[in-house]
Amino acid sequence: MAFPLVSTLGEYHGRRDEARGDPERYWLRCAGALDWIAQPTHAVDANGTWFPDGRLNASVNCLDRHLETHGDATAMIWQGEEEDDVLHLSYRQLLAQVCRMANVLRDHGVAPGDRVAIHLPGVPEGVIAMLACARIGAIHVVLFGGFSPEAIADRLADSGAGVIITADVGRRGAKRIPFKATIDAALDHGASLPIRHVFVVSVTSETIPMTDGRDRFLSPLLSVASALCDPEAMEANAPLFLLYTSGSTGKPKGIVHGTGGYLLWAAYTHALVFAHAPGDIFWCTADIGWITGHSYVVYGPLANGGTILLFEGMPSHPHPGRWWRVIEKHRVTGFYTSPTAIRALMAEGDAVPERHDLSSLRVLGSVGEPISQEAWGWFHATIGGGRCPLADTWWQTETGGIMISLVPGAIEARPGAATFPLPGVTALLLDASGTILEGEAEGMLCIAGSWPGRALGIWGNEAHFHATYLRPFPGFYFTGDGARRDRDGYFWLTGRVDDVINVSGHRIGSAEIEDALAAEPAIAESAAVGVPHALKGQAIVVFVVSNGPAPDDILSRVARAISTRLGRYAAPERVYVVPDLPRTRSGKIVRRLMRKIASGDTEGFGDLSTLANPTAVATLIATVRPHTCVT
């Protein structure tokens, strides 16, 4: 059974009303689109647990169940860095590779509930490893390839992973990324980490150090492993994966997603938003180290029986237009990417995409941050030819999948608007006191009730999950985002209401950056804020107070400390050395003032009477000048 699509506004309203009026019946009917080992008889219980008496296996739903109808159809197309480096895997072939990987893990003691860290570049083994973990009930923990050794060590320690799957060296354009060396450095940093095995995928076949008894190359193990592997029957609320996301309170948090509800939500939203049809070739450009890669590179499209495309390379390497060449060559029908990428590609000019045949495209999507009207218009007209619906999607790691989006054929687009909640999502705006705002309004975006894709919690810290998302407004899920609703009911996202910075779709907590600088002896205190950036959406600006006379190299020390602790993706755009930070009388740093000043807005600060040091504001304004910053 496939999810029934929505193609008219009337159908959208009908599905929305059905989901609101009888959610139990609606979601049990939707659950029929999956294959269950034990069919659920309840959609959600009083504790918010989805399909509590159901059992299933995620890899079976992504692979085995498609064998009878289209087992020889292509499940995955992998396009490597080199034009001729292409791999096609049918559903039957992908299942065999997943089973081999699953058997290697089982043979090395991985059991249901064990955590397996996956740290790989854009190669097929990343998807294979995720599905292999799902097959045997292990919990995968995918780590972004741009993380520093310290950031990886923190995540390994928190998750308790005992096995790592990594690569020798990754390829990124002309660069070579030392994946194995990064893991070695992470394990040196966290000497007490309980890592039993490190499996290495040979991507470049370069010579790398291997630790006897711990490190093994995967290829020899896979070559002798069986292509048959019985799947584990998992409870619907059993964890499928942990994914670490930034927060406003220090350490990244391991968001836990369950098996049944999450898988249903990934497949349901992929089908609705991208109007999935048999034969579709879907390309989501996200790294699998982020939730977008989990839901729309792997689980959603494969559960729906589509073809996924993986690209190892970069948008404009070795020449501008490489992405358009990939779409043309592989006849991509659905294309899902970020505003950051769209802005960068738009800067290359219209002549580059016009050299390529993009007529196969049917649906476009944008993710990671609100897209500007200019970028929306270019993407829709130049890439989509004015004929492709463009879904500007809003969602979060914690929601598991898309929550607010255009539905092709049913909702009229408005450039820059996320449009309407999907059927089954009740999005509301609340004021600071928790009062629901009706009609045209601006406030804090919250979700009433639950939905199948909602995270189970935070790994090892259930109290923090409740405090962050459920306790601020009892009865509602607090997204942490602000939004406005226009007179026609369209939602427009206005940005974070907490201290999380969104750089190119990557969420980085200000506290993470400040923690990274806390170990630098030359720095007494710091504050990080996000400011608008034409390409990245937001850029990081850091204010630091030196510990005594500032050394000549303090700016480079700041950049180095952040890159070392978090990764180069978190490097600040600008650094300012200041004598003091504005703070309330209770000692809380007032980042809204710093954000405003760093953005070049030096008027309309509002009431400053609560500041303990109001003169700090004038000092900041005087300091924020081009010659005092480093980029």
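Start by selecting Phe51, which is buried at 0% relative accessibility (buried means under 20% relative accessible area, exposed over 50%, and partly exposed in between, with a 1.4 Å probe and protein chains only). You will find Phe51 in the loop between α2 (23–31) and β1 (55–56); helices here are DSSP runs of H or I with at least four residues, strands are runs of E with at least two, and both are numbered from the N terminus. Look at its backbone too: the phi of Phe51 is near 50 degrees, a positive value in a residue other than glycine. Most residues other than glycine have a negative phi, and most peptide bonds are trans.

A word on what you are viewing: this is a predicted model, in which local features need pLDDT of at least 70 and side-chain atom pairs count only at pLDDT 80 or more, while totals for chains, interfaces and linings use all residues. Residues are numbered from 1 along each chain as its sequence is written, and side-chain values use heavy atoms, with hydrogens and water left out.

Next, select Thr419, in the loop between β18 (390–392) and β19 (426–430). Thr419 is not a glycine either, yet its phi is positive, at about 75 degrees. Is Thr419 buried or exposed? Thr419 is buried, with a relative accessible area of 2%.

Now go to His317 and Pro318. The peptide bond from His317 to Pro318 is cis, with omega near 5 degrees. Pro318 sits in the loop between β15 (307–311) and α12 (322–330).

Time for a strand: select β13, residues 253–258. β13 is mostly covered, with 6 of its 6 residues buried. Which residues point one way from β13, and which the other? Lys253, Ile255 and His257 point one way, while Gly254, Val256 and Gly258 point the other way.

Strand β12 (residues 239–245) runs antiparallel to β13, joined by 6 bridges; two strands pair if DSSP finds at least two bridges between them. Tyr244 has Gly254 in β13 as its bridge partner. β13 also pairs with strand β22 (residues 457–458) in the antiparallel sense, over 2 bridges. There, Ile255 stands opposite Ile458 of β22.

Finish at helix α7, residues 149–159, where the buried residues include Ala151, Ile152, Arg155 and Leu156. An α-helix has 3.6 residues a turn, so residues three or four places apart point the same way.
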